[in-house]
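The sequence and the structure come first, and the commentary follows.

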Amino acid sequence: MQAAAMDPADEPPSMLWGMDPIFSAFARLFVRDILQMTESVQVPGIYFYNLHPIYKVDVLGTVVYKRERDDFFCYGVDDGTGVINCLCWKSNLLKEEEDPSKSGTKHSDAAEGGFDLVAELRKLRQKQRKRCHLEIGELIRVRGPVKTSRQQREITASTYYKVDDPVMAVQIAWMMEVPQLYRLFYDKHFQLDAAGDSAETSLSKATNIIKDFLKQRLVAKFRPYDVQDLLQPLISSRLQTQSAGQEAVAGPSGCQQLNQLLKEVLQVLQDQGTVYRKVKSQDEVYHVTIQDKDLLITVKDIIREDSKREKYAEKGCHILHILSAVRQRYSLNVSRAALELVLQTLECDSDIVSTSDSHYIAF
């Protein structure tokens, strides 16, 4: 493909790229978007997605083709949205393992039953080779900078390895997490306040107003019209500012702006897990996650019951297992973000404890 270039006038100045946190992170983008990103005119090798400067990505997908050379593997990685070429350099240990003159067939003189350093090192190299040498149909994770070589977009891997995922737990978690990253970060344009003012936006102000109200009043559930009037001062201030600077111009009315702002605030609160809708119906009822006693009891019971099973006795229950059980037993609309808030609350109350990353057991 030919790398598309941006109009220099549309690019944010390169000296400001570091202010975008996505620039220094491995962006978990879909392959389709990596292939369609536009290349910077200021600095070749830097690409833009929604004005976010990106040069390194993190991809999980299936190997659909492979080539091997003396120094590298070349894998075609398909994540379901497209296929991208990944150039994976071989490590020195991997090359030595393939070289018969270096690998050798020597055995140590260690006493029978003793520790054989050479044999253990050979096993370690074999495991490393197994993790780095993939076949078609196997799952691979690749992290590295994006390049355009011979008019083809590709990833030069800084890290790559085979992912063992017999029950597709890793892939399911990935497909739940990536759309969330898009919604919260990638699909929001990279913007800087020209005046350098760090004042909160109307949306963040409105969100904080509603969150403070829910916290102070210990609200368990509410409907949109219960909190709508709390945002009216923000809309009134906005309308006064608009009218002070110009003549009347056709546009959304104050009521329409209020409804739109409230809708956006409720979406932000749901994305954060602060609130959720137990049942989606015409009657818009939102439950405040950490005030929903029934939800807390359900999660605690699930962890307590399943922790007794042999499968979860040692490490505890994984968050995805808990989420699945909660959706089956309590509500299909509980999000992972909401569950994480519940787990934090239960852990603070010493009802459960995290045994490792994303695993929990009950006391």
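## Aromatic pairs

The structure holds nine aromatic pairs, where rings of Phe, Tyr and Trp (its six-membered ring) pair if their centres lie within 6.5 Å, and planes under 30 degrees apart count as stacked, over 60 as edge-to-face and the rest as tilted. The model is predicted, so local features need pLDDT of at least 70 and side-chain atom pairs count only at pLDDT 80 or more, whereas totals for chains, interfaces and linings use all residues. Residues are numbered from 1 along each chain as its sequence is written, and side-chain values use heavy atoms, with hydrogens and water left out.

Among these aromatic pairs, Trp17 and Phe48 have ring centres 5.5 Å apart and planes at 75°, so the pair is edge-to-face. Because Trp17 lies in the segment before helix 1 and Phe48 in strand 2, this contact ties together parts that are 31 residues apart in sequence; helices (H or I, at least four residues) and strands (E, at least two) are DSSP runs, numbered from the N terminus. Trp17 counts as buried at 4% relative accessibility, and Phe48 counts as buried at 4% relative accessibility, where buried means under 20% relative accessible area, exposed over 50%, and partly exposed in between (1.4 Å probe, protein chains only). The rings of Phe222 and Tyr286 have their centres 5.7 Å apart and their planes at 20°, so that pair is stacked. Phe222 in strand 10 (residues 221-222) and Tyr286 in strand 12 (residues 286-288) are 64 residues apart, and their pair links distant parts of the chain. Phe222 is buried, with a relative accessible area of 4%, and Tyr286 is buried, with a relative accessible area of 4%. One aromatic cluster is formed by Trp17, Phe23, Phe48 and Tyr55.

## Nonpolar cores and a surface patch

A nonpolar core is here a set of buried Ala, Val, Leu, Ile, Met, Phe, Trp, Tyr and Cys residues joined through side-chain atoms within 4.5 Å. The largest nonpolar core has 35 residues, of which Leu29, Tyr75 and Tyr160 touch the most other members. Two or more residues of this core come from each of helix 1 (31-36), strand 2 (47-49), strand 4 (56-68), strand 5 (72-78), strand 6 (83-89), strand 7 (139-149) and helix 5 (169-186). Helix 5 gives the largest share of this core, five residues. A second, separate core of 25 residues has Ala173, Leu295, Val334 and Leu339 among its members.

On the surface, Met168, Ile172 and Met176 form a nonpolar patch with about 260 Å² of accessible area together. Such patches are made of residues with over 30% relative accessible area and no salt bridge, like charges being joined within 9 Å and nonpolar side chains (Val, Leu, Ile, Met, Phe, Trp, Tyr) within 5 Å, and accessible areas come from the Shrake-Rupley method with a 1.4 Å probe, with only the protein chains shown counting as cover for residues. Met168 lies in the loop between strand 9 (159-162) and helix 5 and is partly exposed, with a relative accessible area of 46%.

## Salt bridges

Taking a salt bridge as a side-chain nitrogen of Lys or Arg within 4 Å of a carboxyl oxygen of Asp or Glu, the count comes to 14 salt bridges. One of them joins the side chains of Glu135 and Lys66 (3.7 Å, N to O). Glu135 in the loop between helix 4 (117-132) and strand 7 is 69 residues apart from Lys66 in strand 4, and the pair links distant parts of the chain.

In the salt bridge of Arg304 with Asp301, the closest N and O atoms are 3.1 Å apart. Because Arg304 and Asp301 are three residues apart in helix 10 (residues 293-307), about one helical turn separates them. Arg329 forms a salt bridge with Glu305, with the closest N and O atoms 3.2 Å apart. Arg329 lies in helix 11 (residues 319-329) and Glu305 in helix 10, so this pair ties together parts that are 24 residues apart in sequence. A network of salt bridges links Arg28, Asp58, Arg141, Arg143 and Glu177.

Three strands form an open sheet in the order 1-2-3, with antiparallel pairing; two strands pair if DSSP finds at least two bridges between them. Strand 1 (38-39) and strand 3 (52-54) stand at the edges, each with a single partner strand, so one side of each is left without a neighbour in the sheet. Strand 2 and strand 3 run antiparallel and are joined by three bridges, and Tyr47 has Ile54 in strand 3 as its bridge partner.
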